[in-house]
Amino acid sequence: MASSSFVRRRPRDYDGSSSAELAVFRATEELLTSTSLQDLTVAQILETAGLSRANFYHYFANKYDVLVALLGRVFDESYGADAPWSTDPGRDRARRMGSSLEHTLEMWSRHGAVICAVIEHMHSKPAVAAAWQRMFEQFVAAVAEQIKFERAEGRAPDGAPAEMLASMLVGGSERAFYVSTRGLDDRLPAAASVTTSLSAINEAAIYGGRTVPKGRRKKASDAADARRELLPSIDNPAVETETAQNILQAMRELLLTETLAELSVAKILKQSNISRASFYFYFRSKEDAFVVLFRQAAAEIVAALTAVADVDRQDPSALLEQVGQWLHLDGHAGAVIKNAVHEWPRLPELRAEYLAAMNAMETTLESIIVADRARGLAPAGPPASEYTATLLWTIERTIAGSLAGETHLDDIDAVTDMVARFMYASIYGKR
């Protein structure tokens with residue numbers, strides 16, 4: 001493989017082309033289409049590949065090592081010499097960035113199970129995270145260089161640092177393709193449903209969006225009010241008791257300094273000064289209790305977005321201020337959301353609550369977009385349903401990256417300001 005290959009160095013110095021390695025790759029990818037990586041065993045891989053345990057461990061240390069090598073192979077095959085970074089910034093780079101989206105769609109369509117497994121385990125397995133981040137950074141660098149070129153040529157306005165903006169766009173593509181591939185959002189039923197919206201979002205982020213046609217705009221009363229949808233109220237009186245609330249408050253405090261993965265029931269018992277029996281009377285596990293915490297935090301976030309419907313959206317400053325309030329996360333709520341954005345892909349009950357919160361926000365924002373397009377306040381664009389979903393998942397991924405302290409996104413205040421302006425440009429375009 002070329003020296004620019006995504007493949008990391010293996011336990012031994014093999015290049016991934018031996019018959020045994022290829023058999024492991026084929027077997028693993030086949031199994032991942034019907035089995036989660038968490039449940040997948042080396043024994044299953046061996047049986048499907050028709051290999052001995054000695055064959056496997058001659059090349060791989062474990063199933064995660066296979067995933068990392070397989071990820072590199074998938075990206076080498078998908079992009080090859082036509083990757084965006086293989087040419088200098090300019091028209092050819094812009095063309096390759098456009099074709100890169102097509103390559104990305106093809107990659108997710110053919111190898112979605114592999115990429116999904118990587119995303120679901122990159123926060124818990126350092127080797128997986130390192131492999132994904134190495135690939136991610138190459139895309140970020142290529143996009144950032146092109147943004148700087150477009151700004152220098154006077155075609156794109158100044159704004160957030162190019163690397164920060166590029167990280168948002170690359171991360172947004174990652175999240176939108178992941179959600180659509182896993183079938184987690186009815187507004188994005190397939191990977192192909194996100195490409196048009198992603199192109200429009202990239203245009204808005206880099207160039208400031210499309211120009212709103214001049215002419216008389218309708219008054220707010222000429223269009224239906226933006227419909228707002230809140231999360232259903234919690235129907236569980238047990239969690240309202242003093243003991244249950246003490247448990248939840250103890251978890252909030254502990255999550256300020258520890259991740260959910262690091263947190264144990266024993267630590268919660270010590271912090272809340274209650275017995276183990278009392279804990280398990282109210283909650284089945286720490287994850288069960290965390291779902292309640294998330295639902296409470298999510299209700300506040302959803303409510304903050306619904307307030308955008310009450311703002312005079314012809315006033316950019318008022319809209320930006322409300323969006324900023326929606327995105328502002330600190331204290332206990334910030335700690336809960338920080339853990340939720342990492343854990344929801346792999347915890348079924350949390351995933352259901354997370355997707356419910358996203359759906360509630362999508363419903364609200366879609367209604368705003370539809371109403372404001374009808375008023376002439378926002379320009380026409382991709383179908384509102386898929387555009388709304390792609391936009392919100394891009395924002396979700398960006399905030400998640402910032403809360404995790406990812407490279408280029410570690411300044412939460414700067415990221416929040418960038419996202420607010422990006423959201424405005426994506427919906428309302430240039431003024």
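Modeller: Let us begin with tyrosine 428, which has a relative accessible area of 2% in this predicted model, and because buried means under 20%, tyrosine 428 counts as buried.

Biologist: Where does tyrosine 428 lie, together with tyrosine 424?

Modeller: Both tyrosine 424 and tyrosine 428 belong to helix α17, which covers residues 412–428, and they sit four residues apart, or about one turn of the helix. Tyrosine 424 has a relative accessibility of 11%, so tyrosine 424 is buried.

Biologist: How many aromatic pairs does the structure hold?

Modeller: There are 15 aromatic pairs in the structure. In one of them, the ring centres of tryptophan 108 and phenylalanine 177 are 6.0 Å apart with their planes at 15°, so this pair is stacked.

Biologist: Which helices do tryptophan 108 and phenylalanine 177 come from?

Modeller: Tryptophan 108 is in helix α5 (residues 91–121) and phenylalanine 177 is in helix α7 (residues 162–182), so the pair links distant parts of the chain, 69 residues apart.

Biologist: And the rings of tyrosine 424 and tyrosine 428, is that pair stacked or tilted?

Modeller: That pair is tilted, because the ring centres of tyrosine 424 and tyrosine 428 are 5.2 Å apart and their planes are at 35°.

Biologist: Changing topic, how many residues of α12 are buried?

Modeller: Of the 21 residues of α12, 16 are buried, so the helix is largely enclosed by the rest of the structure. Helix α12 runs over residues 286–306 and reaches 30 Å from its first C-alpha to its last, close to the 30 Å expected at 1.5 Å a residue.

Conventions:
Residues numbered from 1 in each chain as written. Predicted model: local features only at pLDDT ≥ 70, side-chain atom pairs only at ≥ 80, totals over all residues. Heavy atoms only, no water. Helix = DSSP H or I, 4+ residues; strand = E, 2+ residues; numbered from the N terminus. Expected span 1.5 Å × (residues − 1). Buried < 20%, exposed > 50% of the residue type's maximum accessible area, 1.4 Å probe, protein only. Phe/Tyr/Trp six-rings, centres within 6.5 Å; stacked < 30°, edge-to-face > 60°.
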